[in-house]
Amino acid sequence: MTTTITLKDEVAQIVERQVAEGHYPDAESAVTAALMLLEDAVMNWDDVDSNAVRRMIEDSDAEGGEIPFGEVARRLAAKGKAPQR
């Protein structure tokens, strides 16, 4: 799915500055990072099952790869361990 958005000038300048400073390779990556932070901000960390997180990390290590933070948050939410508000 592709969604096109229009940013106000001041927000677009922030995105452009972040890309120009080399923090992100492109505008899409910068906006994606901002949205992930927004999603993280609404997560209720009190309900996170630390054992489930450890198991996910162990599974990822066993597979020789990484599980992106957003995926971990989605998996926990799906199991009802970290409800999103």
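Colleague: What should I know about the model and the numbering?

Modeller: This is a predicted model, in which local features need pLDDT of at least 70 and side-chain atom pairs count only at pLDDT 80 or more, while totals for chains, interfaces and linings use all residues. Residues are numbered from 1 along each chain as its sequence is written, and side-chain values use heavy atoms, with hydrogens and water left out.

Colleague: How many helices and strands are there?

Modeller: The chain has four helices and zero strands, where helices (H or I, at least four residues) and strands (E, at least two) are DSSP runs numbered from the N terminus.

Colleague: And how much of the chain is buried?

Modeller: Of its 85 residues, 16% count as buried, and that term means under 20% relative accessible area, with exposed being over 50% and partly exposed in between (1.4 Å probe, protein chains only).

Colleague: Which residues make up the largest nonpolar core?

Modeller: Five residues form it, namely Val48, Ala52, Met56, Val72 and Leu76, and helix 3 (50-63) and helix 4 (69-78) each supply at least two residues of this core. A nonpolar core here is a set of buried Ala, Val, Leu, Ile, Met, Phe, Trp, Tyr and Cys residues joined through side-chain atoms within 4.5 Å.

Colleague: Switching to helix 1, is Val15 buried or exposed?

Modeller: Val15 lies in helix 1 and counts as buried, because its relative accessibility is 12%.

Colleague: What is Val15 in contact with, apart from its close sequence neighbours?

Modeller: Leaving aside neighbours within four places in sequence, Val15 is in contact (heavy atoms within 4.5 Å) with Leu7, Ala27, Ala30 and Val31. The C-alpha atoms of Val15 and Asp26, which are eleven residues apart along the chain, are separated by 8.6 Å.

Colleague: What about Arg17?

Modeller: Arg17 is also found in helix 1, which covers residues 9-20, but Arg17 is partly exposed, with a relative accessible area of 42%. From Arg17 to Ala27, ten residues apart in sequence, the C-alpha to C-alpha distance is 9.7 Å.
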